[in-house]
Amino acid sequence: MVDRLNNRGISVVELLIGVVLLAVVVVSLAASGLYASRILTRSRIQLEAAEFMQSELEKLRAVPYGELADGTRTAEKGSSSWTIQEGGNYRQIVLVTNYAPTEALSVWDTVVAYRLYP
């Protein structure tokens, strides 16, 4: 009769296979966590750049129609420049912003807005 006590438990080979599978899963999760972190950082910076551009555009919209002129502005984390083109009963504003929270990173945005003659 075969001794059934030898069939209980796990062998060294089964243990090694389990450890390898666990290592593959852990490494995959770590890599996806790093990727997600980079994507979140990039998204945050792009959102900050969009907010910077929006604030610069709002400052230009606050300027009275007759006083709109070409110009530049430098802020703590970026700069902006704009040109004004005269139309029939409107003025076209071309705003270019450079949001640079660090020296190694900058986001450039361009927006075109129109102001109708009041």
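Student: Let us begin with N98: in which strand is it found?

Tutor: N98 is found in strand β3. Please note that this is a predicted model.

Student: Is N98 buried or exposed?

Tutor: N98 counts as buried, at 14% relative accessibility; the cut-off for buried is under 20%.

Student: What is N98 in contact with, leaving aside its neighbours within four places in sequence?

Tutor: Its contacts are F52, K77, G78, S79, S106, V107 and W108.

Student: And T97, where is its place?

Tutor: T97 also has its place in strand β3. Its relative accessibility is 0%, so T97 counts as buried.

Student: Which residues does T97 touch, not counting those up to four places away in sequence?

Tutor: T97 touches F52, M53 and E56, together with S79, S80, V107, W108 and D109. F52, M53 and E56 are among the buried residues of α1.

Student: Let us turn to that helix. How far apart are the end C-alpha atoms of α1?

Tutor: They are 75 Å apart. The 51 residues of α1, at 1.5 Å a residue, should span 75 Å, so the two values agree.

Student: Which residues of α1 are buried?

Tutor: I45, A49, F52, M53, E56, L57 and L60 are buried in α1.

Student: What do the buried residues of α1 pack against?

Tutor: They pack against four strands: β1 (71-74), β2 (78-86), β3 and β4.

Student: Which residues make up the largest nonpolar core?

Tutor: That core has 10 residues in all: M53, L57, L60, L68, W82, I84, I93, L95, V111 and A113. At least two residues of this core come from each of α1, β2, β3 and β4. Helix α1 gives the most to this core, with three residues.

Student: Why might one expect such a grouping of nonpolar side chains?

Tutor: Nonpolar side chains tend to be buried together in soluble globular proteins.

Student: Now the charged pairs. How many salt bridges are there?

Tutor: The count comes to five salt bridges. Side chains of opposite charge can pair when their charged atoms come close.

Student: Which residue does E48 meet in a salt bridge?

Tutor: The side chain of E48 meets that of R44, with N and O 3.1 Å apart. E48 and R44 are four residues apart in helix α1 (residues 12-62), which means that they are separated by about one helical turn.

Student: How accessible are E48 and R44?

Tutor: E48 is partly exposed, with a relative accessible area of 23%. R44 also counts as partly exposed, at 44% relative accessibility.

Student: With which residue does R61 form a salt bridge?

Tutor: R61 pairs with E58, and their closest N and O atoms are 3.6 Å apart. These two residues of helix α1 are three residues apart, so about one helical turn separates R61 and E58. E58 counts as partly exposed, at 36% relative accessibility.

Student: What about R91: which side chain does it meet in a salt bridge?

Tutor: R91 meets E86, with an N to O distance of 2.7 Å. R91 is buried, with a relative accessible area of 14%, whereas E86 counts as exposed at 55% relative accessibility.

Student: Which residues are linked in a network of salt bridges?

Tutor: The network links E56, K59 and R73. E56 is also one of the buried residues of α1.

Student: A change of topic, then. Which residues form the nonpolar patch on the surface?

Tutor: Y90, V112, Y114 and L116 form it, and together they have about 410 Å² of accessible area. Strand β4 (residues 105-116) gives the most to the patch, with three residues. Y90 is found in strand β3 (residues 90-102), and at 31% relative accessibility Y90 counts as partly exposed.

Student: Finally, S32: where is it found?

Tutor: S32 is found in helix α1, and it is partly exposed, with a relative accessible area of 38%. The C-alpha atoms of S32 and L22 are separated by 15 Å, the two residues being 10 residues apart along the chain.

Definitions and conventions. Residues are numbered from 1 along each chain as its sequence is written. This is a predicted model: local features need pLDDT of at least 70, side-chain atom pairs count only at pLDDT 80 or more; totals for chains, interfaces and linings use all residues. Side-chain values use heavy atoms; hydrogens and water are left out. A salt bridge is a side-chain nitrogen of Lys or Arg within 4 Å of a carboxyl oxygen of Asp or Glu. Buried means under 20% relative accessible area, exposed over 50%, partly exposed in between (1.4 Å probe, protein chains only). Patches are made of residues with over 30% relative accessible area and no salt bridge: like charges are joined within 9 Å, nonpolar side chains (Val, Leu, Ile, Met, Phe, Trp, Tyr) within 5 Å. Accessible areas come from the Shrake-Rupley method with a 1.4 Å probe; for residues, only the protein chains shown count as cover. Contact means heavy atoms within 4.5 Å. The expected span of a helix is 1.5 Å times one less than its number of residues. A nonpolar core is a set of buried Ala, Val, Leu, Ile, Met, Phe, Trp, Tyr and Cys residues joined through side-chain atoms within 4.5 Å.
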